[in-house]
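Dear colleague,

Please find below the structure that I am handing over to you. My notes on what was found in it follow.

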Amino acid sequence: PNELGLVAVGFSGGQCKPGTEAAPMALIESGLVDQLKDDLKYSLYYDGKVHAYGELMPDDDPDYRNMKKPRAVSAVTKQLSSQVYEHARDGRFVLTLGGDHSIAIGTISGTAKAIRERLGREMAVIWVDAHADINTPETSDSGNIHGMPVSFLTGLAKESEDKPFGWLKEEQRISVSKLVYIGLRDVDRGEKKILRDNGVKAFSMHDVDRHGIGKVMDMALGWIGRDTPIHLSFDVDALDPMWAPSTGTPVRGGLTLREGDFIAECVHETGSLVALDLVEVNPSLEEHGAQETVRAGCSIVRCALGDTLL
Ligand code: LYS
């Protein structure tokens, strides 16, 4: 679609390091929005705000089921889910600038529901990340919800209606078979078991090393199949810290800048991309590195939205 809905999410409550809430402004100020409008010719639907959702924050938010800030993350993602849903329902491509990766509970649930209603089908999710983010509250060592979004989105972790994530309904979830990972290299023991037990399709850095990113993308997109709507959720920590140092949980041995852009380019070329999240840029972590990380993030967004080298 030529219409682009942009949601800027200044939320960092899915983990403990402040700073990711400043990422949307840093990305926008570095010229991203103008590039999308002027160079890539999107008509932009943007309310001009960075949403901090302050009015949704509970006064008291004790741990629950081992989760940190469960009510805050629940309230923010529920609200974000309807914002994203409204854009996607109206046929717009949805770009969400995070924020930490817990916000994907909101974005993916929003597009999944809209695509079901609009096209009568289930979308696929490509999760590009150093981490699998598929801990359940019980398997997580950290209790940080940014390590759990996939377990809620797939229904591996479920809650009853009266509990924080009880608002997530079947039509907002995705099946495990429609999920593909790229870039994994730091997966917790409990997560490995979840991935194995559920037969989740995952291309780790080992696969990128063995086959090259070209073949990995052929296999990833082949698994998803043609004409399946795709939501791309891109954690900037998938890139090697050499290219993206300013992020909360950096892991060495990651994707190069070009491999990251290539993933985005290939997904764009399918013509099936319906939404993109760019998350975990944290401009406050490295005084001099932030600019590099912001630039890398902008580049990935442009590639996913159709920018080409020639
Ligand atoms: N697996 C770890 C956890 O659950 C790290 C997650 C990092 C997410 N960016 O906390």
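This is a predicted model, in which local features need pLDDT of at least 70 and side-chain atom pairs count only at pLDDT 80 or more, while totals for chains, interfaces and linings use all residues. Residues are numbered from 1 along each chain as its sequence is written, and side-chain values use heavy atoms, with hydrogens and water left out.

I begin with Phe152, which is buried at a relative accessible area of 1% (buried means under 20% relative accessible area, with a 1.4 Å probe and protein chains only). Phe165 is likewise buried, at 2%. These two residues form an aromatic pair that is tilted, with 4.6 Å centre to centre and 35° between the planes (ring centres of Phe, Tyr or the six-membered ring of Trp within 6.5 Å; stacked under 30 degrees, edge-to-face over 60, tilted for the rest). Phe152 belongs to helix H5 (residues 149–154) and Phe165 to the loop between H5 and strand S6 (179–184), so the pair ties together parts that are 13 residues apart in sequence (helices are DSSP runs of H or I with at least four residues, strands runs of E with at least two, numbered from the N terminus).

In helix H2 (residues 32–39), the buried residues are Leu32, Val33 and Leu36. Viewed down the axis of H2, they fall within an arc of 110°, so they line one face of the helix (the arc is that of the directions from the helix axis to the C-beta atoms). Just after H2, Lys41 takes a positive phi of about 60°.

Yours sincerely

How values were computed
Buried means under 20% relative accessible area, exposed over 50%, partly exposed in between (1.4 Å probe, protein chains only).
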